[in-house]
Amino acid sequence: PLGSRPNEQPTSKWPKEVKPTVQMVLRDLAIYRHAADFLDSPIYIFGDDAKDYFVQFAIAEVDLPKLGIVFLAKPGELGDIQPNGDRLLFVSERRLGFGTHGASNTAQRFSEALLWMFRREMDAADEIPTEWVEHRAEAQAKSSQPCFRIGDKEVCPEMRLYSAYMYTDDALFIVVGVERALLALRTHRQLTKNINLLMAPPRKRTLGSWGTWLGIIIVASLGLVIIPKDKIIRASRVITATLGDGVPFHTYRSMSVSYTHLTLP
């Protein structure tokens, strides 16, 4: 599971944040494209997105005093409220906002918890074809992820016929087979409803033989990944500026985070 690793930074209480990459998705896609051919089944990809993800997390009461912001508003900045003089403003952040240290780390670990619950539901309900179990026996024997039990059922990770990832609030699912795809859709939808997670509008969702994830087009039926031209141009501009006169640190950091996941095998 992704989300976080043991804390390797003795000066920080935060565990190292780990996010999924396109390379991980392509590895799974290669296996499931083979599975689709082997089982003579279609392969589907669907994505979903949470709405205003960070602010759906409430700040613990013990931490509220740490998130009080005080600043001075100059005359006119508040319109007609205080036109003739300075005014001291107090803001109490009660939700996990953008820019809060640890926001992405916390959200990613929560996303991995959601995926853990999703996999538990899927593994308990899904029936894997016997021929695929036999076909993947050697891969499971060499895997670092051992089989485990859910009730009376044995589940082996290398024999799954679905994959699920979340990059913060951006979810992606790859599924082999029509009935299994319907099961995945119902499981994901029921899970988000049960925890009252606010989801983005339908236009942010994808479903079919191809879809987008992190701004990248993934054609599951053909095993292709397409990087849109505008994304390549933006990356090229920032890299050129960085190697030339340099860029502000926040731009460099944004580039490092935004384009690291584009690393392809």
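Four strands form an open sheet in the order β8-β9-β3-β10, and their pairing is antiparallel. The edge strands are β8 and β10 (206-208), and each pairs on one side only. From one strand to the next, the twist averages 10°. The model is predicted.

**The chain as a whole**

- The chain holds seven helices and 13 strands.
- Of its 265 residues, 36% are buried.
- Take the contacts between residues at least 6 apart in sequence: 67% of them join residues at least 24 apart.
- The accessible surface is about 15,900 Å². Carbon and sulfur atoms account for 56% of that surface.

- Strands of a sheet pair through backbone hydrogen bonds, either parallel or antiparallel.
- Strand β9 covers residues 170-176, and seven of its seven residues are buried.
- Which residues of β9 point one way, and which the other way? D170, L172, I174 and V176 point one way, while A171, F173 and V175 point the other way. Residues on both sides are buried.
- Strand β3 (residues 43-49) pairs with β9 in the antiparallel sense, over seven bridges. In this pairing, I43 stands opposite V176.
- Strand β8 (residues 162-167) also runs antiparallel to β9, and six bridges join them.
- Two β8 residues show how these strands line up. A164 has F173 as its bridge partner in β9, and Y165 stands opposite L172.
- β8 and β9 form a hairpin, with two residues between them.

**T168, in the turn**

- T168 lies in the loop between β8 and β9. Its phi is positive, at about 60°.
- Is T168 buried or exposed? T168 counts as buried, because its relative accessibility is 11% and the cut-off for buried is under 20%.
- The side chains of T168 and K19 are joined by a polar contact of 2.5 Å.
- Beyond its neighbours within four places in sequence, T168 is in contact with K19, Y53, F54, S104, A107, Q108 and S111.

**I174, within the strand**

- I174 lies in strand β9.
- With a relative accessible area of 1%, I174 is buried.
- I174 and Y162 are 12 residues apart in sequence. In space, their C-alpha atoms are 5.4 Å apart.
- Leaving aside neighbours within four places in sequence, I174 is in contact with V25, L29, Y32, I43, Y44, I45, L161, Y162 and S163.

**The nonpolar cores**

- The largest nonpolar core has 25 residues. Y53 and F118 have the most contacts inside it.
- Which elements give two or more residues to this core? They are α2 (103-125), β8, β9 and α5 (178-194).
- Helix α2 provides the largest share of this core, with six residues.
- A second, separate core has 22 residues, including A35, I43, I45 and L214.
- Back to F118. Apart from its neighbours within four places in sequence, F118 is in contact with Y162, A164, F173, A184, T187, H188 and L191.

**The three-stranded sheet**

- Another open sheet has three strands in the order β11-β12-β13, with antiparallel pairing.
- Its edge strands are β11 (210-213) and β13 (224-226), each pairing on one side only.
- Neighbouring strands of this sheet are turned by 25° against each other on average, direction ignored.
- Three bridges join strand β12 (residues 216-219) to β13. In this pair, V219 stands opposite L224.
- Helix α1 (residues 22-39) lies across β11, β12 and β13. How does α1 run, and at what angle to β12? The helix runs at about 10° to β12.

Notes: Residues are numbered from 1 along each chain as its sequence is written. This is a predicted model: local features need pLDDT of at least 70, side-chain atom pairs count only at pLDDT 80 or more; totals for chains, interfaces and linings use all residues. Side-chain values use heavy atoms; hydrogens and water are left out. Buried means under 20% relative accessible area, exposed over 50%, partly exposed in between (1.4 Å probe, protein chains only). Contact means heavy atoms within 4.5 Å. Accessible areas come from the Shrake-Rupley method with a 1.4 Å probe; for residues, only the protein chains shown count as cover. Two strands pair if DSSP finds at least two bridges between them. Axes are lines fitted to C-alpha atoms, for helices over the stretch in contact, and angles run from 0 to 180 degrees between N-to-C directions. A polar contact is a pair of N or O atoms within 3.5 Å; within protein, one must be able to donate a hydrogen and the other to accept it, and residues adjacent in sequence count only if both atoms are side-chain atoms. A nonpolar core is a set of buried Ala, Val, Leu, Ile, Met, Phe, Trp, Tyr and Cys residues joined through side-chain atoms within 4.5 Å.
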